[in-house]
Amino acid sequence: MEQDTIAAISTPLGEGAIAIVRLSGDEALEIANHVFSHKNLTDVTSHTIHYGTLVEPETADKVEEVMVSVMKAPKTFTREDIVEINCHGGMVSVNRVLQLVLRHGARLAEPGEFTKRAFLNGRIDLSQAEAVMDLIRSKTDRAMSLALKQMDGRLSQLIRDLRQQLIETVAHVEVNIDYPEYDDVEEMTNELLKQRAQYVKGEVQSLLRTAKQGKILREGIGTAIIGKPNVGKSSLMNILAHDDKAIVTEIPGTTRDVIEEYVNVRGVPLRLIDTAGIRETEDIVEKIGVERSRQALQDADLILLVLNGNEPLTEEDRALFEAARDLDVIVIVNKTDLEQQINMDDVNEVAQGAPVITTSLIEEQGIDELEQAIADTFFDGEVDQGDLTYVSNVRHIQLLEQAQDALNDALESLEMDMPLDLVQIDITRTWELLGEIIGEDVSDSLIDQLFSQFCLGK
Ligand SMILES: Nc1nc2c(c(=O)[nH]1)N(C=O)[C@@H](CNc1ccc(C(=O)N[C@@H](CCC(=O)O)C(=O)O)cc1)CN2
Ligand SMILES: Nc1nc2c(ncn2[C@@H]2O[C@H](COP(=O)(O)OP(=O)(O)OP(=O)(O)O)[C@@H](O)[C@H]2O)c(=O)[nH]1
Ligand SMILES: [Mg+2]
């Protein structure tokens with residue numbers, strides 16, 4: 001495929017030891033060679049790196065001292081010729097190098113265009129390309145492992161197998177209709193279709209079942225720590241994060257704003273949010289903080305509701321339970337090192353079956369039990385089934401749900417002995433929907449939109 005040569009800065013902008021300007025396309029080598037002195041880059045062995053200087057070709061003015069990697073098609077990231085110029089990391093240096101190659105025949109790449117070329121040139125499919133973006137955005141170990149698996153093409157392979165099954169079924173039905181060998185061909189075909197549709201539906205459903213965990217592994221569980229002022233919310237944040245991120249003092253109303261931190265609890269990634277203690281207040285700053293806490297509570301997947309065991313349960317506490325009513329809640333009765341004033345029967349009653357854990361955060365008591373309760377809530381006690389293929393991408397989940405609907409339509413038509421060509425339409429539709437996950441038959445505008453979400457130089 002004839003492609004113009006693109007260039008971009010592929011490392012983050014800012015000061016660093018080294019920065020990379022990457023070129024991809026038919027003229028990558030020529031362009032780089034044109035501004036490189038010391039050596040002819042067009043006849044070096046592929047996948048080698050070369051020391052030299054970049055110069056302004058007209059004036060021979062030195063622009064930068066660099067290392068240049070040469071990777072010839074097709075065994076490259078884009079399947080095109082790639083040149084990577086390793087220059088000194090600094091805003092001016094790297095921009096100079098980029099400007100130099102742009103002035104000598106390269107075009108500035110769009111966001112995601114390198115990966116888009118890898119897709120268009122068939123090195124990876126769409127779900128693998130999306131995984132590249134997920135990998136870059138990963139904020140937890142788990143999220144990264146998940147992205148890596150998807151880059152491997154696990155999901156793609158599964159989807160391909162299912163599509164193969166569907167297309168074979170369609171072909172089978174055609175043959176049966178066109179060349180009926182037996183008298184009861186209608187019935188047999190009906191039976192075959194039913195079996196296959198059921199099988200594919202089962203696979204689609206089991207993929208969808210991983211979606212909740214996939215989303216969690218990807219984004220982390222939005223976990224809000226709520227409670228009255230001074231009960232120990234920030235102390236809990238710090239203990240789970242193994243870091244003194246939040247300020248802890250004996251003054252109620254210490255936390256004024258929402259503090260966020262990614263933490264890993266027994267393999268469960270949490271996006272932990274420490275909030276301002278919720279109470280009626282006249283202090284303007286605190287008031288805003290309290291409002292944000294209420295918002296955080298709305299957005300959360302899991303609530304850690306902290307109570308002070310050294311005080312009786314108050315109306316304010318009960319109001320918090322009310323606010324968290326329909327969410328996953330873990331109740332923490334803190335400060336067990338002090339005299340117990342709270343009535344545990346009351347707590348268990350308002351908890352309505354939610355786990356209740358007692359802790360002394362100051363003496364680090366009860367932390368294990370709490371961590372276990374968090375893990376249990378989301379993985380039913382078992383952490384990670386390593387070989388599951390997770391779907392975590394919203395686009396994929398939507399397509400799978402639509403495929404499930406189409407399969408249900410097909411099965412319903414079969415149940416009602418509808419004409420087989422009607423069933424075929426639903427099966428073909430399923431085949432198309434699954435194809436969109438891996439990028440077969442997707443429109444240019446969808447492709448543009450997906451890749452534009454990438455960062456520059458990727
Ligand atoms: N300097 C640099 N480091 C980088 C990248 C890069 O583009 N440049 N990558 C950018 O994301 C990642 C590595 N990803 C890559 C993925 C595939 C191929 C590649 O050439 N694949 C060929 C053949 C590989 C071989 O077996 O030799 C292929 O699949 O055909 C290269 C890099 C991370 N590190
Ligand atoms: N005795 C005792 N004190 C604790 C315990 N946990 C926290 N504290 C103390 O309680 C006080 C308040 O703790 P924080 O973690 O700041 O409480 P908070 O809920 O974040 O408070 P606000 O941000 O003001 O809403 C501090 O003096 C902590 O040292 C505990 O288990 N036992
Ligand atoms: Mg606090």
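Which residue in β5 is the bridge partner of Val55? The bridge partner is Lys62. Strand β4 (residues 48-55) and strand β5 (residues 62-71) pair in the antiparallel sense over eight bridges. Strands pair if DSSP finds at least two bridges between them. Helices (H or I, at least four residues) and strands (E, at least two) are DSSP runs, numbered from the N terminus.

In this predicted model, local features need pLDDT of at least 70, side-chain atom pairs count only at pLDDT 80 or more, and totals for chains, interfaces and linings use all residues. Residues are numbered from 1 along each chain as its sequence is written, while chains are lettered from A and ligands numbered from 1 in the order in which they are written.

The confidence scores come next. Mean pLDDT, the predictor's confidence in each residue from 0 to 100, is 88 for the protein chain. A score of at least 70 is reached by 95% of the residues. Among the elements, helix α1 (residues 28-34) has the highest mean pLDDT, 98. Helix α10 (residues 284-299) has the lowest, 74. The model has an ipTM of 0.71 and a pTM of 0.73.

The protein chain holds 16 helices and 13 strands. Its radius of gyration is 29 Å, whereas a compact globule of 458 residues would have one near 23 Å. The radius is taken over C-alpha atoms, and the globule rule is 2.2 Å times the number of residues to the power 0.38. Along the principal axes, the C-alpha atoms fill a box of roughly 85 × 80 × 35 Å. Of the 458 residues, 39% are buried. A residue is buried if 20 or more other C-beta atoms lie within 10 Å of its own, exposed if 12 or fewer, and partly exposed in between, with C-beta atoms placed from the backbone.

Strands β4 and β5 lie in an open sheet of seven strands, with mixed pairing and the order β3-β4-β5-β6-β2-β1-β7. Its edge strands, β3 (36-37) and β7 (107-108), each pair on one side only.

Strand β11 (residues 302-308) is largely enclosed by the rest of the structure, because seven of its seven residues are buried. Leu302, Leu304, Val306 and Asn308 point one way from β11. Ile303, Leu305 and Leu307 point the other way. Strand β8 (residues 221-227) runs parallel to β11, joined by five bridges. Here Ala224 stands opposite Ile303. Strand β12 (residues 328-334) is also parallel to β11, with seven bridges. Val331 in β12 is the bridge partner of Leu305.

Two ligands were examined. The residues around ligand 1 are Lys75, Thr76, Phe77, Glu84 and Arg123. A residue is near a molecule if its C-beta atom, placed from the backbone, lies within 6 Å of it. This shell has one nonpolar, one polar and three charged residues. Ala, Val, Leu, Ile, Met, Phe, Trp, Tyr, Cys and Pro count as nonpolar, Asp, Glu, Lys and Arg as charged, and the others, Gly among them, as polar. Ligand 2 has 24 residues around it, of which Gly232, Lys233, Ser234, Thr255 and Gly277 come nearest. Eight are nonpolar, twelve polar and four charged. Helix α9 (residues 233-241) gives the largest share of this shell, three residues.
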